[in-house]
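Here's a quick briefing to read alongside the structure.

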Amino acid sequence: MRVFSTEYTFDYSFDEVSTANWVKYCPWNDKSTHVIAVDTLSREVDPATGILRTERLITCNQQAPAWVVSLLGGSNTSHVYETSYVSPAEKRVTMCSTNLTWANILRVRETVIYQPDLDASSPGHERTQFKQDAKITAVCGGWQKIRTKIEEASVERFSENARRGREGFEAVLEMSRRVFGEEREREKAAMR
């Protein structure tokens, strides 16, 4: 098993980040073009806790290393199952995902958490902490050397996708702030 872990502080409020999270794979994000579809399977609010629980299927198109495809076969289209929990009371978004494609060969379990970064925030300038952890395990039989190579290649790809995803999400956040700001200005102008 290999572990990928990263933390980052977004220079945006929790409200901005948690809202933009639902559209992070949009045309404004030119860094995550490998995501070709996001389908919402279910969405419900727990009346007792107020927690919004959403299940999504994310479809990606990305090439596996040539040596993996030649050894194991497969397609460039893959599917990821994601369950997210938004707790307004705790101001916390938790997203848990797992790969469905090639799950008999490689298991990827990812957890992402967004929450206000109280230490880095100041009045009028809120920031949001992002934590991402992934456990990547080759579960195929065979030699340990092959499993190790598969895990190493997967962590490298995961790390690159995580970096590009963060850059793309920054662009989505920037555009969202601008669009919502323009809308607020139009509403103010209309009220005058």
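Let's start at Arg43: setting aside neighbours within four places in sequence, Arg43 is in contact with Trp22, Leu52, Arg53 and Thr54. Keep in mind that this is a predicted model. The chain carries three helices and seven strands, and the strands form an open, antiparallel sheet.

- Arg43 is found in strand E2, and its side chain makes a polar contact of 3.2 Å with the side chain of Thr54.
- Buried or exposed, or something in between, for Arg43? Arg43 counts as partly exposed because its relative accessible area is 46%, which falls between the 20% and 50% cut-offs.
- Arg43 and Arg56 sit 13 residues apart in sequence, and their C-alpha atoms are 8.9 Å apart in space.
- Ser42 also has its place in strand E2, and with a relative accessible area of 26% Ser42 is partly exposed.
- Once neighbours within four places in sequence are left aside, Ser42 is in contact with Arg53, Thr54 and Glu55.
- Which side chain does Ser42 reach with a polar contact of 2.9 Å? That would be the side chain of Glu55.
- Ser42 and Glu55 are 13 residues apart in sequence, yet 5.2 Å apart in space from C-alpha to C-alpha.

- Strand E3 covers residues 52–61, and E2 and E3 pair in the antiparallel sense over nine bridges.
- Glu44 has Arg53 in E3 as its bridge partner.
- Six residues lie between the two strands of this hairpin, and Gly50 takes a positive phi near 80° there.

- Strand E1 (2–10) and strand E2 (35–45) are the edge strands, each pairing on one side only.
- From one strand to the next, the twist averages 15°.
- As a bit of background, strands of a sheet pair through backbone hydrogen bonds, either parallel or antiparallel.

- Which helix lies across E1, strand E6 (106–116) and E7? Helix H3, residues 144–191, does so, running at about 10° to E1.

**Gln129 in E7**

- Gln129 lies in strand E7.
- Why does Gln129 count as buried? Because its relative accessible area is 18%, which is under the 20% cut-off.
- Not counting residues up to four places away in sequence, Gln129 touches Glu7, Tyr8, Ile113, Tyr114, Gln115, Pro116 and Asp117.

**Nonpolar cores**

- The largest nonpolar core has 16 residues, and Phe10, Val17, Val93, Tyr114, Phe169 and Leu173 are the ones with the most contacts inside it.
- Helix H1 (14–20), strand E5 (92–99), E6 and H3 each supply at least two residues of this core.
- A second, separate core has twelve residues, including Phe4, Val108, Cys140 and Ala162.
- Leu173 touches Phe10, Tyr12, Glu16, Val17 and Ala20, again leaving out residues up to four places away in sequence.
- In soluble globular proteins, nonpolar side chains tend to be buried together.

**The chain overall**

- Going along from the N terminus, the elements run β-α-β-β-α-β-β-β-β-α.
- The C-alpha atoms fill a box of roughly 70 × 35 × 30 Å along the principal axes.
- Of the 192 residues in the chain, 35% are buried.
- The accessible surface comes to about 11300 Å², and 52% of that belongs to carbon and sulfur atoms.
- If you take contacts between residues at least 6 apart in sequence, 59% of them join residues at least 24 apart.

Definitions and conventions. Residues numbered from 1 in each chain as written. Heavy atoms only, no water. Pairing = 2+ DSSP bridges. Helix = DSSP H or I, 4+ residues; strand = E, 2+ residues; numbered from the N terminus. Axes fitted to C-alpha atoms, helices over the stretch in contact; angles between N-to-C directions. Contact = heavy atoms within 4.5 Å. Buried < 20%, exposed > 50% of the residue type's maximum accessible area, 1.4 Å probe, protein only. Polar contact = N/O pair within 3.5 Å; in protein donor to acceptor, adjacent residues only side chain to side chain. Areas by Shrake-Rupley, 256 points an atom, 1.4 Å probe, with all protein chains shown as cover. Core = buried A, V, L, I, M, F, W, Y, C linked by side-chain atoms within 4.5 Å.
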